[in-house]
Amino acid sequence: MWNKRNKHSGFTLIELIVSATILAVLARSLVMVSSGIDSLSQTGGSLSFLQQQSSKAQRALFSDLRNSGFMSIDGRSFPHVFEDGVPGAGFAAHAYAPGIQVATANEFDFGAHRAVIFLEPADMDDNGRPDMDLDLNGTPELDGNGDGVLSEEWEDTQAWDVNLYRVDPETGLVWNLEEVRYAVLDGPNGRTYLERWVGGVLDRRVAHGVERFQVETPVETGYQIPTNALRITLFLRKTDSDGVTYRHSAQWVIKLQNGDLE
């Protein structure tokens, strides 16, 4: 006759096998869930990083270019846009070795590096406002002594130097002749950076992980943008520790202070 198992009896072999199988399945599920969470976390972190770098570049470019303008000074036209580190006539000092690209010809972020050189309004008296020649007599009215009064007196205009600044004869706006350049170069750590150069000297590295920087003038876009604007396209990429590559791109149209609006 078959006897019922009492409260002191142990698990049968079948029960142990079933229990072990269930535990193994649960453990494997937990590992897969954990792995999935790690993967999602890494993906989110990489994309967030690229978006952050893109935002940094956007803030810097908008801050600079919105104050710039289309102009011709000493036979050279600004802004000057060029490819692969080879500038046009009169801009030889801006030649550089472009950052190394990872993208291949069949990828959307592949293409020539472009750079842009432009000028910004002067602020010789550091009052936070562009300097102006209000009476168009060739000398700007400044507040060099900080008393809140603009004048052409020596105590206010000590910083004025015709070799460093230029007055627009039509608008009276004073331009700083120290040229600003944005371009993608390799950094000392092997990463590619969008760099801001002023007067031939590195000012700062604006963003990294930049695969390609593209600047287009109205003519180059077939006048898809206003004639007082530039179109900027930024491509970024990052490869994580598992070898997965993440990409991000952004495009902006930035209006400058002036241009041919006909």
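Reader: How many bridges join β9 to strand β10?

Author: First, the words: strands (E, at least two residues) and helices (H or I, at least four) are DSSP runs, numbered from the N terminus, and two strands pair if DSSP finds at least two bridges between them. Here six bridges join β9 to β10 (residues 229-239), and the two run antiparallel. In β10, Arg231 is the bridge partner of Glu216. By the way, this is a predicted model: local features need pLDDT of at least 70, side-chain atom pairs count only at pLDDT 80 or more, and totals for chains, interfaces and linings use all residues. Residues are numbered from 1 along each chain as its sequence is written, and side-chain values use heavy atoms, with hydrogens and water left out.

Reader: What is the order of the strands in the open sheet?

Author: The order is β9-β10-β11, three strands with antiparallel pairing. The edge strands, β9 (210-216) and β11 (245-255), each pair on one side only.

Reader: Where does Ser68 lie, and is Ser68 buried or exposed?

Author: Buried means under 20% relative accessible area, exposed over 50%, and partly exposed in between (1.4 Å probe, protein chains only). Ser68 sits in the loop between α1 (13-65) and β1 (71-73). Its relative accessibility is 0%, so Ser68 counts as buried.

Reader: Which ring does Arg76 lie over?

Author: A charge sits over a ring if NZ of Lys or CZ of Arg is within 6 Å of the ring centre and within 35 degrees of the ring normal. Arg76 lies over the face of Phe91, 4.7 Å from the ring centre. Arg181 lies over Trp197's face, at 4.8 Å.
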